[in-house]
Amino acid sequence: MTRHAALIPLTHDHHHFLAPANRLQEAATGDEGARRLAADDYVSFYLGKGLRNMREEKELFFPAAFFADTEARSTVLRALAGHLELHHLTHRLQLELSAGEIAPGSLEQLAGILKEHVRLEETELFAHIQNATPEEELH
């Protein structure tokens with residue numbers, strides 16, 4: 001299915017999520033300095049572009065899909081749960097940054113959740129949104 005033009009900016013944002021996910025995964029096997037740098041870069045990204053992306057999804061697209069298509073509800077709820085998990089893991093990473101010690105497992109877990117979440121939205125959720133949302137609402 002071709003991506004609707006209204007969703008393309010969100011798809012681009014998802015590509016921007018994958019770059020820090022890859023850096024987190026690579027840094028997990030590095031020294032403390034590499035882990036700290038990757039964690040700091042990710043938190044900066046998340047607090048800016050990452051949160052903006054999630055807010056736009058929740059405000060502009062999730063409600064229409066949730067209420068227009070009963071089949072989409074479970075996918076929307078999974079995406080919302082993913083957002084909450086990312087908030088939680090990012091907060092935990094911020095605490096580790098403050099303490100000055102980044103656990104490799106934290107980076108690996110966060111990278112995996114980020115990739116899984118992007119895959120869910122790109123392969124399942126956006127199809128539901130396109131099918132359930134009237135054309136005039138997509139713009």
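Biologist: Which residues does Asn 53 touch, not counting residues up to four places away in sequence?
Modeller: This is a predicted model, where local features need pLDDT of at least 70, side-chain atom pairs count only at pLDDT 80 or more, and totals for chains, interfaces and linings use all residues. Residues are numbered from 1 along each chain as its sequence is written, and side-chain values use heavy atoms, with hydrogens and water left out. Contact means heavy atoms within 4.5 Å. With residues up to four places away in sequence set aside, Asn 53 touches Leu 10, Asp 13, His 14 and Phe 17.

Biologist: Is Asn 53 buried or exposed?
Modeller: Asn 53 sits in helix α2. Buried means under 20% relative accessible area, exposed over 50%, and partly exposed in between, with a 1.4 Å probe and protein chains only. Asn 53 has 1% relative accessibility, so it counts as buried.

Biologist: How many helices does the chain have?
Modeller: Helices are DSSP runs of H or I with at least four residues, strands are runs of E with at least two, and both are numbered from the N terminus. The pattern along the sequence is α-α-α-α-α. There are zero strands, and the number of helices is five.

Biologist: What is the radius of gyration of the chain?
Modeller: The C-alpha atoms fill a box of roughly 50 × 20 × 20 Å along the principal axes. The radius of gyration is taken over C-alpha atoms, and the globule rule is 2.2 Å times the number of residues to the power 0.38. For 139 residues the rule gives 14 Å, and the chain is close to that, so it is as compact as a globular protein of that length, with a radius of gyration of 16 Å.

Biologist: Which residues line the largest cavity?
Modeller: On a 1 Å grid over the protein atoms alone, a cavity is a set of points where a 1.4 Å probe fits but cannot get out, and lining residues have an atom within 4 Å of a point. Helices α1 (8–27), α2 (32–68), α3 (73–99) and α4 (104–132) each supply at least two residues of the lining. The lining consists of His 14, Phe 17, Asn 53, Met 54, Glu 57, His 83, Leu 86, Leu 114, His 117 and Val 118.

Biologist: What volume does the largest cavity have?
Modeller: The search of the whole structure finds one cavity of 30 Å³ or more. Grid points are joined across faces, edges and corners, and a volume is the space filled by probe spheres set on the points. On that basis the largest cavity has a volume of about 40 Å³.

Biologist: How many charged residues are in the lining of the largest cavity?
Modeller: Ala, Val, Leu, Ile, Met, Phe, Trp, Tyr, Cys and Pro count as nonpolar, Asp, Glu, Lys and Arg as charged, and the others, Gly among them, as polar. The lining has five nonpolar and four polar residues, and the number of charged residues is one.

Biologist: How far apart in space are Leu 107 and Leu 93, C-alpha to C-alpha?
Modeller: Leu 107 belongs to helix α4 and is buried, at a relative accessible area of 0%. Beyond four places in sequence, its contacts include Leu 24, Arg 35, Leu 93 and Ile 102. Leu 107 and Leu 93 are 14 residues apart in sequence, and their C-alpha separation is 8.1 Å.

Biologist: Which residues are in contact with Thr 75, leaving aside its neighbours within four places in sequence?
Modeller: Thr 75 lies in helix α3 and counts as buried at 3% relative accessibility. Its contacts, with those neighbours left aside, are Leu 120, Glu 124, Leu 125 and His 128.

Biologist: What relative accessible area does Arg 23 have?
Modeller: Arg 23 is part of helix α1. Its C-alpha atom is separated by 9.1 Å from that of Asp 41, 18 residues apart along the chain. Arg 23 is partly exposed, with a relative accessible area of 42%.

Conventions
1 Å grid on protein atoms, 1.4 Å probe; cavity = no way out; pocket = protein on both sides within 12 Å on 5 of 7 lines; lining within 4 Å.
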